[in-house]
Structures are given as C-alpha cells and as structure tokens.
Amino acid sequence: MPERSAGILVFRRKTSGVQVFLGHMGGPFWARKDDGAWTIPKGLRDEGEESLAAARREFEEETGIRVDGSFLDLGTFRQASGKIISAWAVEADFDAADIKSNVFELEWPPKSGKRQLFPEIDRGAWFDLATARKKIVKGQLPILEAVVMKTGQDS
C-alpha cells in the first residue's frame with residue numbers, strides 16, 4: 001500500500017501575477033541544492049485522518065503558520081517513489097521569513113553514531129509561476145499546474 005500524504009499549495013495574487021509559496025527541503029541532502037529542491041508543505045496522513053485536515057496540520061507543522069480560506073481540491077498525484085499526495089490550494093498571504101518548521105532527527109554524518117536535528121523546511125519563499133516551475137521538485141510539478149488550471153492564472 002503506497003504512503004499517503006497531504007499538502008497545501010498557497011498562492012497569492014500580485015500586480016505582477018500569481019505567486020506560490022514553496023518550502024526548501026531541510027536536512028543535509030538538500031542543503032546545497034536549489035532548483036528542484038523546493039516543495040509544497042506536506043506530510044503523511046494519520047490513520048483515519050481526512051486529507052484536508054492532514055494538509056492543514058502539516059502546513060502548520062512545517063511553517064508555523066495557520067492558513068484559512070476557501071480550499072481548492074487539486075486532486076491526487078502519484079510521485080516517482082509511489083507515494084500519493086492529496087493536494088489543496090488556498091489563497092493567502094504572509095511573510096515567508098516568519099516560518100518556523102518542526103524538525104526531524106537523522107544520523108549525520110552517516111555511520112557516525114551522531115544524531116542531529118534538522119528542520120523539515122529550512123526556509124520558505126514566494127515565487128512567480130515561471131520560477132516555481134524550476135524550483136519545485138519534479139514530481140510536484142503537476143500540483144503546480146493544477147493550481148494554474150483551477151485559478152485560471154498562468155502569470
């Protein structure tokens with residue numbers, strides 16, 4: 001049975017066009033990567049948890065920000081790993097510098113016996129759609145395109 005995750009793609013409308021909020025994945029593997037290393041805030045659903053509730057919980061855990069509004073169901077998306085992401089979009093605005101992510105523990109360096117804590121998202125940023133298409137992990141590009149289709153905005 002594939003893992004099931006849920007996440008939220010937040011967007012805002014500016015005079016220059018639509019911008020989306022993405023988080024840069026934390027931890028040593030992603031530290032020196034930029035293009036293809038950004039994600040929508042998302043995470044695993046708890047047993048019996050409704051996908052929108054999980055997406056809202058995960059967004060708040062990974063950013064420290066609670067988003068409210070009219071959520072658009074973007075659908076489900078299968079990742080190369082087999083994981084299935086249920087994605088939602090909502091229009092909101094906040095300062096990306098204000099995010100505070102939860103952390104995960106990892107043995108680092110490998111085989112050192114030393115455990116370290118790393119943020120799930122080490123920073124966040126707002127991107128125009130053209131830039132977001134370069135920054136987002138390849139498997140989540142269809143989520144980005146779904147928000148374009150649902151909002152009718154492609155600039």
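Helices here are DSSP runs of H or I with at least four residues, strands are E runs of at least two, and both are numbered from the N terminus. With that in hand, let's start in a loop. The model is a predicted one, in which local features need pLDDT of at least 70 and side-chain atom pairs count only at pLDDT 80 or more, while totals for chains, interfaces and linings use all residues. Residues are numbered from 1 along each chain as its sequence is written, and side-chain values use heavy atoms, with hydrogens and water left out.

Look for P109, which sits in the loop between β7 (103–107) and β8 (115–119). The peptide bond leading from W108 into P109 is cis, with omega near -5°. K111 is found in the loop between β7 and β8 too, and its phi is near 60°, a positive value in a residue that isn't glycine. Why point these out? Most residues other than glycine have a negative phi, and most peptide bonds are trans. K111 is also exposed, because its relative accessibility is 82%; the cut-offs are under 20% relative accessible area for buried, over 50% for exposed, and partly exposed in between, using a 1.4 Å probe and protein chains only.

Now head inside. A nonpolar core is a set of buried Ala, Val, Leu, Ile, Met, Phe, Trp, Tyr and Cys residues joined through side-chain atoms within 4.5 Å. The largest one here has 22 residues, and those with the most contacts inside it are L9, V20, L22, L74, I143 and L144. Elements giving two or more residues to this core include β1 (4–14), β5 (72–78), β6 (84–91) and α2 (129–135). The top contributor is α3, with 5 residues. Take I143: leaving aside neighbours within four places in sequence, I143 is in contact (heavy atoms within 4.5 Å) with L9, I40, L74, F77, I85 and A87. Apart from this core lies another, of 19 residues, among them I8, V67, A96 and I121.

Next, pick out Q19 in strand β2 (residues 17–25). Is Q19 buried or exposed? Q19 is buried, because its relative accessible area is 16%. Not counting residues up to four places away in sequence, Q19 touches V10, F11, R12, K14, W126, F127 and D128. With R12 there is a polar contact between the two side chains, at 2.6 Å. For a polar contact, a pair of N or O atoms must lie within 3.5 Å; within protein, one must be able to donate a hydrogen and the other to accept it, and residues adjacent in sequence count only if both atoms are side-chain atoms.

Finally, the charges. Side chains of opposite charge can pair when their charged atoms come close. A salt bridge is a side-chain nitrogen of Lys or Arg within 4 Å of a carboxyl oxygen of Asp or Glu, and by this rule the count comes to 16. In helix α1 (residues 51–63), R57 and E61 lie 4 residues apart, about one turn of the helix, and they form a salt bridge whose closest N and O atoms are 3.4 Å apart. R133 and E145 meet in another, at 2.7 Å from N to O. That pair links distant parts of the chain, with R133 in helix α2 and E145 in helix α3, 12 residues apart. Then there's the salt bridge between R123 and D122, at 3.3 Å. Both of those residues belong to a network of salt bridges that links D34, D35, D122, R123 and K135.
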